Amino acid sequence: MAAQSSAFQWQLPRGFPTPFVPADNPMSAAKVALGSRLFFETRLSVTGQYSCASCHDPARSFSDGRALAVGATGARLSSSSMALVNVAYNLAYGWQHPEVTTLEAQMRRPLLNRHPVEIGLAGREREVVAALAADPSYPGQFAAVFGGAISTARIIAAIAAFERTLIDGHSAFDAYVFDGRHEALSPGAKRGMALFFSRRIGCSGCHFGFNFSGAWRDSSGATGKAGFADDGLGVGAVRVPTLRNIALTAPYMHDGRFATLDAVLDHYQQVGTQPDDAHGGRRDRRLQRFTLKAGEREDLKAFLDSLTEQPAGAPLAVRPQSG
């Protein structure tokens, strides 16, 4: 099985490290293909009409455009669906779950949660395995990948392998930084980039690293601790989301309360000026006190827009690795 993982051919953007892969779930092209199929498989859901892709739409950088995620039965969750772009590099998963440190562990939540129901697999495992086993092609795929029969654990392993391949790094920012194409960023975007990384604005205090989500883990190990921060919305520390493909992932924040980047910037400009006692004496010190000057807001938004892949003038969904 280890040979499978070492033989997998990652197709990584320039400047991106090789992702971390758990020893007990090595990569293979066949496993990724199976996981891709299962990611869109509605028979996993309690209604037969819902799949992982229902909350993680490829056209939205694998988010869903809703303020709050909605499960298979229509139950509304307490948070939004996070984009899956570059999740292979995450140190933790979910908005407030630092203890969930692998995609395999994360997959158990949407599949098996009961309160609220997301996919609704819990208690139906045998039924779902039987339904997939009755399919003309699934048994052969599972046998080829795992050397055995269909099981919930193997469903999870295959989907996690597929999700590791959802890697994006082909934005105008990447062309500028990693390919040396100075014309890839407009003058305004370059000014916005300087603002983003300035101590005065402080965006990069949380959104640093090539994925703009803080420290990461790759095949060489972790570069630090998982990024969690108090964003001033009264719920304590939440995970720092990636800013890649940000033009595709509105609405924003853990509960999707802001429909636009302007609203997000308004929030951070306002919250940074609040006294410590407005946050119970625990204001996150990374929240800077700042006021955007004339033109600076548009420059900063231009830079943020440059983090979204837009070939030929149209947004492109993340392209999974083919192996």
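## Helix packing and a buried loop threonine

In helix H10, Glu296, Arg297, Asp299, Leu300, Lys301, Phe303 and Leu304 are buried (under 20% relative accessible area, with exposed over 50% and partly exposed in between; 1.4 Å probe, protein chains only). H10 spans residues 296–305 and is mostly covered, with seven of its ten residues buried. Its cover includes helices H7, H8 and H9. Helices (H or I, at least four residues) and strands (E, at least two) are DSSP runs, numbered from the N terminus.

This is a predicted model: local features need pLDDT of at least 70, side-chain atom pairs count only at pLDDT 80 or more, and totals for chains, interfaces and linings use all residues. Residues are numbered from 1 along each chain as its sequence is written, and side-chain values use heavy atoms, leaving out hydrogens and water.

| Element covering H10 | Residues |
|---|---|
| Helix H7 | 172–177 |
| Helix H8 | 187–196 |
| Helix H9 | 261–271 |

Next, a helix pair. H3 (residues 103–112) and H6 (residues 152–164) pack at about 115°, their axes 9 Å apart. Axes are lines fitted to C-alpha atoms, for helices over the stretch in contact, and angles run from 0 to 180 degrees between N-to-C directions. H3 brings Leu103, Glu104, Gln106, Met107, Arg108 and Leu111 to the contact; H6 brings Ile156, Ile159, Ala160, Glu163 and Arg164. Contact means heavy atoms within 4.5 Å.

Finally, a loop residue. Thr249 lies in the loop between strand E4 (237–239) and H9. Thr249 is buried because its relative accessible area is 16%. Beyond neighbours within four places in sequence, Thr249 contacts Arg60, Ser61, Ser63 and Ala83.
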